[in-house]
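Here's a quick tour of one model, written for someone who likes to check things against the atoms. Have the viewer open and follow along.

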Amino acid sequence: ETYTPLIQREIGSPCDPASAGFAEALAGFQARYSLAATGQFDQPTFQVFRGLWQERRPFVMARVRGECPDPPPINMLAYLSPHEEHADRMTRLLRRDVLDAYRRMAAAARAEVPAIAADPELLQIFSAFRAREADAARCAAQGNCDGLRRPACSPHRTGTAIDIHVGHVAGMGVDSTDPMSRRHMAQGATYRWLVANASPFGFTPYVFEPWHWEGTGDDAAAGGR
């Protein structure tokens, strides 16, 4: 259920995953990628989806080349406004062009979705640029940057990654990886709007974290949609 909005967008079908229409669209996708066109979601199909989604993240492509991107020069960073920062975890800086694109995207979402407009916390950022020194210190202190629990090289060092509040389960954090938490986020109007609309603003998701989005530099003519 967590991946349903992304899969629906990829196969071009808003149909319920249990419907015949969804199965037909999924079978068409499987055939295009030389998979068994069963219309059933299986591990080989998920691996193709995952590969497509990861390839759209410039940071991942850099890591595939063995690179850990350098942070941007300080003059390329800009401060978030206080109303853009989520109180759970204050952050300050983001690459200037990505921040501009985020602001256009957030404004569009609030104009189009009453539930987002009614809740000022939705779409607030709780993590943005993180200096490599800060990440290194955290890795040393917590001892969990093993590439499984946390990456030793984080996309947040690029100033293009943002963790956005897309809703949370009471008693759980805004970035809780509990299956109930991720399911709740993925089913919410905010995440679903982002899946459908974030790409023209130059943002692509990280499939395993509904709150994590990365700027790709492809903001359509600096105007979103």
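Buried means under 20% relative accessible area, exposed means over 50%, and partly exposed is anything in between. Keep in mind that this is a predicted model.

C68 has 31% relative accessibility, so it counts as partly exposed. C153 comes in at 6%, so that one is buried. C15, with a relative accessible area of 29%, is partly exposed.

| Residue | Relative accessible area | Class |
|---|---|---|
| C15 | 29% | partly exposed |
| C68 | 31% | partly exposed |
| C153 | 6% | buried |

Which cysteines pair up in a disulfide? C68 and C153 do, with their sulfur atoms 2.0 Å apart, and the structure holds one disulfide. The pair ties together distant parts of the chain, 85 residues apart: C68 lies in the loop between helix 4 and strand 1 (77-79), while C153 lies in the loop between helix 7 (132-142) and strand 4 (161-164). As for handedness, the link of C68 and C153 is right-handed, with 100 degrees about the S-S bond.

Next, that arginine. R57 sits in the loop between helix 3 (43-55) and helix 4 (58-64). Its side chain makes a polar contact of 2.9 Å with the side chain of Q54. Setting aside residues up to four places away in sequence, R57 touches P155, T204, P205, Y206, H212 and E214.

Now for the inside of the model. The largest nonpolar core has 46 residues, and M105, I162, F203 and W213 have the most contacts inside it. Helix 5 (residues 96-112) gives the most to this core, contributing eight residues. What does M105 contact, leaving aside its neighbours within four places in sequence? The list is I164, W193, L194, A198, F201 and F203.

Finally, a helix pair. Helix 8 (residues 179-187) packs against helix 9 (residues 189-197) at an angle of about 60 degrees, and their axes are 4 Å apart. On the helix 8 side you'll find M185, A186 and Q187, which meet A189, Y191 and R192 in helix 9. The residues of this contact divide into four nonpolar, one polar and one charged.

Conventions. Residues numbered from 1 in each chain as written. Predicted model: local features only at pLDDT ≥ 70, side-chain atom pairs only at ≥ 80, totals over all residues. Heavy atoms only, no water. Core = buried A, V, L, I, M, F, W, Y, C linked by side-chain atoms within 4.5 Å. Buried < 20%, exposed > 50% of the residue type's maximum accessible area, 1.4 Å probe, protein only. Helix = DSSP H or I, 4+ residues; strand = E, 2+ residues; numbered from the N terminus. Contact = heavy atoms within 4.5 Å. Polar contact = N/O pair within 3.5 Å; in protein donor to acceptor, adjacent residues only side chain to side chain. Disulfide = S-S within 2.5 Å. Axes fitted to C-alpha atoms, helices over the stretch in contact; angles between N-to-C directions. Nonpolar A, V, L, I, M, F, W, Y, C, P; charged D, E, K, R; others polar.
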